[in-house]
Amino acid sequence: MTRLAVVGGGFMGSQIATQAALHGIEVRLQDVSAEQLEKSMTANRGHIQRRVDKGRLTPADLEAALARVRTTTDLAEAVRDAEVVIEAVVEDLDVKRQVFSELDELAPPEAVLASNSSTMVISKLAGATGRPDRCANMHFFSPVLVMELCEVVMGPQTSEATAERCLALVREMGRTPVLVRKEIDGFIVNRILHAATQEAYRLLDGGVAEFQDIDTAVEKGLNWPMGPFRLGDFTGLDVTYNARLHIYRTTGDPNYKPSPRLREKVEKGELGRKTGKGWYDYSS
Ligand SMILES: NC(=O)c1ccc[n+]([C@@H]2O[C@H](COP(=O)([O-])OP(=O)(O)OC[C@H]3O[C@@H](n4cnc5c(N)ncnc54)[C@H](O)[C@@H]3O)[C@@H](O)[C@H]2O)c1
């Protein structure tokens with residue numbers, strides 16, 4: 001089994017580690033904050049406990065899985081023996097480049113260094129290392145303990161062997177990989193999601209239909225589990241807004257300019273489920 005290290009023990013990193021551990025992989029999980037590691041792993045215990053409650057996992061399997069995740073604040077200790085390192089630290093280019101440079105020093109020379117970033121393609125990080133051929137994006141979806149997919153994305157210098165290594169790890173973790181051969185902003189899923197969301201907002205802004213009807217059309221006509229507005233409430237309208245703004249600023253494409261109706265929601269603090277109101281009302 002792969003010797004895995006995950007760097008960044010927040011929401012995504014800790015779930016990536018836990019998902020791997022549920023499939024028998026020994027993982028070292030590192031974060032700069034011991035408190036964060038403790039908080040994340042307590043939350044993950046709660047998530048998996050629900051599987052035990054439903055009879056889908058034995059209490060012994062739960063304990064064995066959690067014992068496979070060894071947490072530390074010491075980066076050198078975390079990555080010393082790793083075959084693959086998945087970075088899931090805060091979405092900040094300077095921080096990530098610093099982490100990649102340290103990983104290059106501390107991880108074995110043959111180890112693959114992958115980033116879970118949603119917006120930073122690997123060529124922005126691989127240059128901080130002396131092994132750009134062994135770097136790739138491994139983009140998991142939130143929440144990792146539920147969502148099946150991982151996009152493995154090759155940068156211009158990523159080798160075929162590195163891509164294969166990442167694909168194999170995703171399968172080993174009980175997840176489904178897809179390979180993106182050319183790095184591109186948004187990879188596959190977010191590009192398609194943004195295109196559909198953009199069209200939904202265009203229809204709304206143009207007065208063509210109300211948001212409830214657009215959601216119903218997408219849910220019943222395309223069989224998507226959630227329409228774009230319901231999904232926005234679920235992920236947080238600030239996340240949708242910032243993602244659109246990021247693409248608009250980086251591409252200059254006016255199609256991605258965030259909708260004024262969306263901006264209004266964000267300014268009012270109506271961010272979706274987490275604030276009790278977004279497009280829909282969750283107060284009851
Ligand atoms: N949240 C999502 O829905 C989602 C989905 C896919 C990918 N991602 C990506 O995952 C990454 C992490 O996102 P998250 O939502 O888990 O964020 P988070 O804020 O929950 O976790 C980030 C963690 O990084 C730690 N950290 C900061 N600097 C560090 C360093 N130098 N070394 C080690 N740890 C450090 C923080 O203490 C924190 O625990 C981001 O790159 C993001 O783009 C997030």
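Mentor: Helix α5 gives the largest share of the shell around the ligand, three residues; helices (H or I, at least four residues) and strands (E, at least two) are DSSP runs, numbered from the N terminus. This is a predicted model, in which local features need pLDDT of at least 70, side-chain atom pairs count only at pLDDT 80 or more, and totals for chains, interfaces and linings use all residues. Residues are numbered from 1 along each chain as its sequence is written, and side-chain values use heavy atoms, with hydrogens and water left out.

Around the ligand there are 23 residues, of which F11, M12, D31, E91 and K96 come nearest (a residue is near a molecule if one of its heavy atoms lies within 4 Å of it). By class, the shell has 10 nonpolar, 10 polar and three charged residues. Here Ala, Val, Leu, Ile, Met, Phe, Trp, Tyr, Cys and Pro count as nonpolar, Asp, Glu, Lys and Arg as charged, and the others, Gly among them, as polar.

Polar contacts are pairs of N or O atoms within 3.5 Å. A polar backbone atom of F11 is 2.9 Å from an oxygen atom of the ligand, one of S118 is 3.2 Å from a ligand oxygen, and one of G10 is 3.5 Å from a ligand oxygen. On its own the ligand has 840 Å² of accessible area, and the protein covers 74% of that; accessible areas come from the Shrake-Rupley method with a 1.4 Å probe. Two or more residues of the shell come from each of α1 (11–22), α5 (93–106) and β6 (135–140).

Key:
A polar contact is a pair of N or O atoms within 3.5 Å; within protein, one must be able to donate a hydrogen and the other to accept it, and residues adjacent in sequence count only if both atoms are side-chain atoms.
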